[in-house]
Amino acid sequence: MKKWQKMLATAGAAALTLGLAACGGSGSGNTDSTDSAADSGSTTLLMYRVGDKPDNYDKLIENANKIIEKEIGATLKMEFIGWGDWDQKMSTIVASGESYDISLANNFATNAQKGAYADLTELAPKYAKDAYEQLPDSYIKGNTINGKLYGFPVLGNVYGQQVLTFNKEFVDKYNIDISKVGDSYESATEVLKQFHEKDANIPAFAIGQSFFATGNYDFPIGNQYPFAVRLDETNAPKIINQYEDKDMIASLKVLHQWYKDGLIPTDAATSTTPYDLDKNTWFMRQETQGPMDYGDTILTQAAGKPLESRPLTVPLKTTAQAQMANYVISNTSKNKEKAMELLGLLNSNPELLNGLVYGVEGEQYEKVGEDRVKLLDGYTPTTHLSAWNTGNNLIIWPEETVTDDMIKQRDDSIASAKESPILGFTFVNDSVKTELTNIANVMNRYAASLNTGTVDPDETLPKLVDDLKTAGWEKVQAEMQKQLDEYNASK
């Protein structure tokens, strides 16, 4: 049994409220006032993070650096980049060759293959031994490209599962039975109609232009592209166009009927309305859950009111889950070994990690017993870092509401979750970049209207398929299938 499996039996994860607050220069010698290294002369490591800087960052980093400097003789400086600027700024930083030490990965596979990230294959087990040994095999596979490990992942939700989530206030208010919802969109039709009859002013299924219908598929380059593998394929996995698959077509027809029946907002194909969890502006929405969410516990905590979910897809360990929050060390870093030590420390030292994801003890939280915490009034989204992209969730002390039974259910679900047939596969698109650009342009014209049910799939799908073929879909599929077959043969 691997070390991570033993830890699963006793460790818990933090509440999702930890994950709601998302959390540049040279890699050493920084004299920022928040870095304790200024006087000691020890190395200061620069880390880029996505999200907003916590209001109490100075105190958080001061407390953290006391531990970091004691343990590895270095200190940490974090630079925060907002979500809206993240992709562009990190692309610029990578392209310019700027010197930095650590970052949350951005455009991971492409930048790794370009040589922007350091090879961690030997660094990780040597300089982050404890944390490395806790990683499930699926995390190692998912962050390995061409046989080399380039990302050090945050151990969080080992698998992902799509669910249909209901606002329980409305479920109870209108006495709607959702027990039979699950495994398909069609299964939710009757409950959506019941709600719509009671309250036609609130969207029954709250979706917008970024919504993609799903099913039991995995997507080699993301669900925004028309390339997928079916999870029930018993032979070698085949790359298909999900928009030609019978199950996806059936789902799109259901969504179109919902749209015609007024169960989906009329402006869904162009809408950016967020339908916040804590607002009574929706009845059903689609969410992703994993084992560290403890069923609906985390969503309920985030919403501040009861929510209830029903499974739509099977639990699946995928490359996307393994790369959900993976840290890289820049090839420009002059402190690669020390940076690796820091990542190891963040993912193995409970005192360090909990002090970052909960805040300041006595102000944001207090410890209850040996391994639980109670959140205080001072705990707000701007007083801590997020758990999902900071460090190993197994060493984060759970909130006091998480029971031992909940932890056991989590462990059992991880043990039974399947691995995707394309886990660890990375598509190299060098020979089909033009075709992929053309395909992306085609999808931009069709995806929102099709997936939100705004247009009739019987009329629109043939046009989409024809336009995709003109854009070069068959050439990309052949190249992708060739690489996938070679990948499977090499395992």
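Analyst: Start with how helices are named. A helix here is a DSSP run of H or I with at least four residues, numbered from the N terminus. Keep in mind that this is a predicted model.

User: How many residues does α12 have, and how far does it reach?

Analyst: α12 covers residues 246–260, which is 15 residues. From first C-alpha to last it reaches 21 Å, close to the 21 Å expected at 1.5 Å a residue.

User: Which residues of α12 are buried?

Analyst: First the general idea. An α-helix has 3.6 residues a turn, so residues three or four places apart point the same way. In α12 the buried residues are M248, S251, L252, V254, L255, H256, W258 and Y259.

User: What covers the buried residues of α12?

Analyst: The cover includes helices α11 (189–198), α18 (433–451) and α19 (457–471). Strands β8 (217–218) and β10 contribute too.

User: Now strands. How do I read strand pairing, and which strands pair with β7?

Analyst: Strands of a sheet pair through backbone hydrogen bonds, either parallel or antiparallel. β7 pairs with β10 (residues 284–289) in the antiparallel sense, over six bridges. There, V163 has E287 as its bridge partner. β7 also pairs with β11 (residues 307–311), again antiparallel, over five bridges. L307 in β11 is the bridge partner of N167.

User: Is β7 enclosed or open, and why?

Analyst: Seven of the seven residues of β7 (161–167) are buried, so this strand is largely enclosed by the rest of the structure. Check each face. Q161, V163, T165 and N167 are buried on one side, and Q162, L164 and F166 on the other.

User: What is the strand order in the five-stranded sheet?

Analyst: The order is β2-β1-β3-β13-β6. The sheet is open and its pairing is mixed. β2 and β6 (152–153) stand at the edges with a single partner strand each, so one side of each has no neighbour in the sheet. Further in, β1 (residues 43–50) and β3 (residues 102–104) run parallel, joined by two bridges. M47 finds its bridge partner there in I102 of β3.

User: Take K77 in β2 (residues 74–81). Is K77 buried or exposed?

Analyst: Compare its relative accessible area with the cut-off: buried means under 20%. K77 comes out at 8%, so K77 counts as buried. Its side chain makes a polar contact with the side chain of E79, at 3.3 Å. K77 and G51 lie 26 residues apart in sequence, and their C-alpha atoms are 15 Å apart in space.

User: Which residues touch the most other members of the largest nonpolar core?

Analyst: Those are M78, L120, F152 and M340, in a core of 63 residues. Helix α4 (residues 57–72) gives the most to this core, with seven residues. A second, separate core has 60 residues, including F195, L252, I264 and V442.

User: What does F152 contact, apart from its neighbours within four places in sequence?

Analyst: Its contacts include L120, A124, A128, A131 and Y132. M340, L343 and N347 are also among them.

User: Last, which residues does the UniProt domain annotation cover?

Analyst: An unreviewed UniProt entry annotates residues 421–488 as "domain: DUF3502". In the model, that span is 74% helix and 0% strand. Its end C-alpha atoms lie 9 Å apart.

Note on methods. Residues numbered from 1 in each chain as written. Predicted model: local features only at pLDDT ≥ 70, side-chain atom pairs only at ≥ 80, totals over all residues. Heavy atoms only, no water. Buried < 20%, exposed > 50% of the residue type's maximum accessible area, 1.4 Å probe, protein only. Pairing = 2+ DSSP bridges. Polar contact = N/O pair within 3.5 Å; in protein donor to acceptor, adjacent residues only side chain to side chain. Core = buried A, V, L, I, M, F, W, Y, C linked by side-chain atoms within 4.5 Å. Contact = heavy atoms within 4.5 Å. Expected span 1.5 Å × (residues − 1). UniProt positions renumbered as here; feature names shortened; annotations may be inferred.
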